[in-house]
Amino acid sequence: QNIDLLFVVGTSLTVGPANMLPHNVSSTCKRVIINYDEIDSQYLSSIGFETENGETSIKKDVFLQGKCDSIFLELAGVLDWKEDLYKAEARMAPESAMMLKQ
């Protein structure tokens, strides 16, 4: 309950226990859901995501659709964290490490 930001990654939130994670945070917690497949906008609304015309609001909650590695790599670039990723390359899955070299 005492977190500011929750990332839920790689799940369509259709089965437990992952589908309960967005419910188990305070109303002030910002939530980011990352998944390859689209998540039903009605479901997002049901868990308190602010939606407008089927799009999630960026005020508090964000749904990012795509490959998790790609999205996190882009996020690391925006946050200027790529150098930290390069340092951890040896501990990454081979597919993830290859993405750093592209």
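Five bridges join strand E1 to strand E2 (residues 30–35), and the two run parallel. Strands here are DSSP runs of E, at least two residues long; helices are runs of H or I, at least four residues long; both are numbered from the N terminus. Two strands pair if DSSP finds at least two bridges between them.

The model is predicted: local features need pLDDT of at least 70, side-chain atom pairs count only at pLDDT 80 or more, and totals for chains, interfaces and linings use all residues. Residues are numbered from 1 along each chain as its sequence is written, and side-chain values use heavy atoms, with hydrogens and water left out.

Now the whole chain. It holds 4 helices and 5 strands. Along the sequence they follow the pattern β-β-α-β-β-β-α-α-α. Of the 102 residues, 29% count as buried. Buried means under 20% relative accessible area, exposed over 50%, and partly exposed in between, with a 1.4 Å probe and protein chains only. Contact means heavy atoms within 4.5 Å. Among contacts between residues at least 6 apart in sequence, 54% join residues at least 24 apart.

Back to E1, residues 5–9. Leu6 and Val8 form its covered face. Leu5, Phe7 and Val9 form the uncovered one.

Leu5 and Phe7 also belong to the lining of the largest pocket, along with Val32, Ile34, Leu64, Ile71, Glu74, Leu75 and Val78. E1, E2 and helix H2 (68–78) each give two or more residues to this lining. H2 gives the most, with 4 residues. The lining divides into 8 nonpolar residues, no polar and 1 charged. The pocket holds about 230 Å³ of space. A pocket is an open set of points on a 1 Å grid over the protein atoms alone, where a 1.4 Å probe fits, with protein on both sides within 12 Å along at least five of seven lines; lining residues have an atom within 4 Å of a point.

H2 has buried residues too: Ile71, Leu73 and Ala76. Their cover includes E2, E5, helix H3 (82–87) and helix H4 (94–100). Just after H2, aspartate 80 takes a positive phi of about 60°.

Strand E5 (residues 61–65) contains aspartate 61. Aspartate 61 is buried, with a relative accessible area of 1%. Its side chain makes a polar contact with the side chain of arginine 31, at 2.9 Å. A polar contact is a pair of N or O atoms within 3.5 Å; within protein, one must be able to donate a hydrogen and the other to accept it, and residues adjacent in sequence count only if both atoms are side-chain atoms.

Notes
Points joined across faces, edges and corners; volume = space filled by probe spheres on them. Nonpolar A, V, L, I, M, F, W, Y, C, P; charged D, E, K, R; others polar.
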